[in-house]
Amino acid sequence: MSSYSRVALVTGANKGIGFAIARELCRHFSGDVVLTARDTARGQAAVQQLQAEGLSPRFHQLDINDPQSIRALRDFLRKEYGGLNVLVNNAGIAFKTNDPTPFDVQAEKTLKTNFFATRNVCAELLPIMKPHGRVVNISSLQGSRALEHCSQELQERFRCDTLTEDDLVDLMKKFVEDARNEVHEREGWPSSAYGVSKLGVTVLSRILARRLQETRSGDRILLNACCPGWVKTDMAGEQGTRTVEEGAETPVYLALLPPDATEPHGQLVRDRVVQTW
């Protein structure tokens with residue numbers, strides 16, 4: 001198996017922070033970098049742009065909302081590389097503040113992509129992570145703010161160290177259902193679909209990290225969530241205070257933690273600093 005090349009993979013990497021992460025990994029990761037995108041033409045255009053800069057990424061189509069697409073990517077990684085060394089889960093969506101789409105639709109669509117699809121990627125790709133692998137889930141301090149605006153009961157549940165993945169899935173489904181029934185505020189939820197989706201990503205990261213510790217502690221795989229900050233992208237808009245390059249710094253730092261590193265693990269990291277939860 002040692003004859004395989006090392007490989008790093010970035011989801012949603014044809015633009016924005018994902019593109020900047022892929023570029024930095026091409027520069028600093030010792031191995032192949034696979035740039036993925038839902039739209040093949042856009043993904044290949046992004047690869048050509050990096051090739052014009054003298055970099056050599058590979059492209060693979062990935063729609064994180066399509067389980068078959070995730071499995072095809074998993075099979076490709078297994079066949080070509082015998083597994084995966086670095087996974088950056090960057091793909092996500094956000095509705096603009098003034099978007100007229102009804103809140104229940106925003107809740108369903110946002111959680112479908114940001115939480116449930118990201119979870120599906122982890123379910124398929126974590127089992128093929130190689131020893132000393134690094135997993136970075138792009139979250140947001142909006143998730144922490146959403147937690148602060150939850151009821152006391154919900155806060156205690158999300159912070160509970162024995163919360164299981166199934167428990168978390170039930171909570172995320174309940175938010176979508178409560179939004180649909182127009183009772184989410186009464187049930188203790190904030191009115192931020194994006195915030196709740198990223199709260200889910202952060203808590204999922206804590207749960208998955210704990211499981212890796214229990215089942216594969218000898219492999220020293222480190223899994224963290226991170227907040228790239230408020231970045232000027234199509235998603236965040238021009239109000240963002242950071243460039244995409246600045247937004248990529250912490251995700252790349254976590255992706256390239258040295259092989260002998262033992263921490264951070266299961267944390268939310270911003271500006272390379274572990275955030276209190």
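1. Two strands are taken to pair if DSSP finds at least two bridges between them. On that basis, the model, which is predicted, contains an open sheet of 8 strands in the order 3-2-1-4-5-6-7-8, with mixed pairing. The edges are formed by strand 3 (58-61) and strand 8 (273-274). Each of these has a single partner strand, so one side of each is left without a neighbour in the sheet.

2. Leu84 stands opposite Met129 in strand 5, and Val88 stands opposite Val136 in strand 5.

3. Helix 3 (residues 67-81) lies across strand 1, strand 2, strand 3, strand 4 (84-89) and strand 5 (129-138), and runs at about 145° to strand 3. Ala72 belongs to helix 3 and, at 38% relative accessibility, counts as partly exposed. The C-alpha atoms of Ala72 and Gln61 are 9.0 Å apart in space, the two residues being 11 apart in sequence.

4. The nonpolar interior deserves a separate comment. In soluble globular proteins, nonpolar side chains tend to be buried together. In this model the largest nonpolar core has 49 residues, of which Leu77, Leu84, Phe158 and Leu168 touch the most other members. At least two residues of this core come from each of strand 1, helix 3, strand 4, helix 4, strand 5, helix 6 (152-159), helix 7 and helix 8 (193-215). Helix 8 supplies the largest share, 9 residues. Another core, of 31 residues, lies apart from the largest one and includes Ala22, Leu55, Ala248 and Val252.

5. Which residues does Leu84 contact, leaving aside its neighbours within four places in sequence? They are Val7, Leu9, Leu77, Leu125, Ile128, Met129 and Lys130. Among these, Met129 is also the residue that Leu84 stands opposite in strand 5.

6. Helix 9 (residues 244-255) has 12 residues and reaches 16 Å from its first C-alpha to its last, close to the 16 Å expected at 1.5 Å a residue. Its buried residues are Val244, Gly247, Ala248, Thr250, Pro251, Val252, Leu254 and Ala255. The elements covering them include helix 1 (16-28), strand 4, strand 5, strand 6 (222-227) and strand 7 (268-270). Ala248 and Val252 are also among the members of the core of 31 residues.

7. The structure holds 5 aromatic pairs. One of them joins Phe103 and Phe175: the ring centres are 6.1 Å apart and the planes stand at 85°, so the pair is edge-to-face. This pair links distant parts of the chain, with Phe103 in helix 4 and Phe175 in helix 7 (residues 165-180), 72 residues apart. Are the two residues buried or exposed, or in between? Phe175 is buried, with a relative accessible area of 0%, whereas Phe103 counts as partly exposed at 23%. Ring pairs also link Phe103, Phe158, Phe175 and Trp189 into a cluster.

8. Finally, Thr113 may be inspected in helix 4 (residues 103-125). Buried residues are those under 20% relative accessible area; Thr113, at 9%, is therefore buried. Not counting residues up to four places away in sequence, Thr113 touches Ile64, Asn65, Gly92, Ile93 and Thr118.

Key:
Residues numbered from 1 in each chain as written. Predicted model: local features only at pLDDT ≥ 70, side-chain atom pairs only at ≥ 80, totals over all residues. Heavy atoms only, no water. Helix = DSSP H or I, 4+ residues; strand = E, 2+ residues; numbered from the N terminus. Buried < 20%, exposed > 50% of the residue type's maximum accessible area, 1.4 Å probe, protein only. Contact = heavy atoms within 4.5 Å. Phe/Tyr/Trp six-rings, centres within 6.5 Å; stacked < 30°, edge-to-face > 60°. Axes fitted to C-alpha atoms, helices over the stretch in contact; angles between N-to-C directions. Core = buried A, V, L, I, M, F, W, Y, C linked by side-chain atoms within 4.5 Å. Expected span 1.5 Å × (residues − 1).
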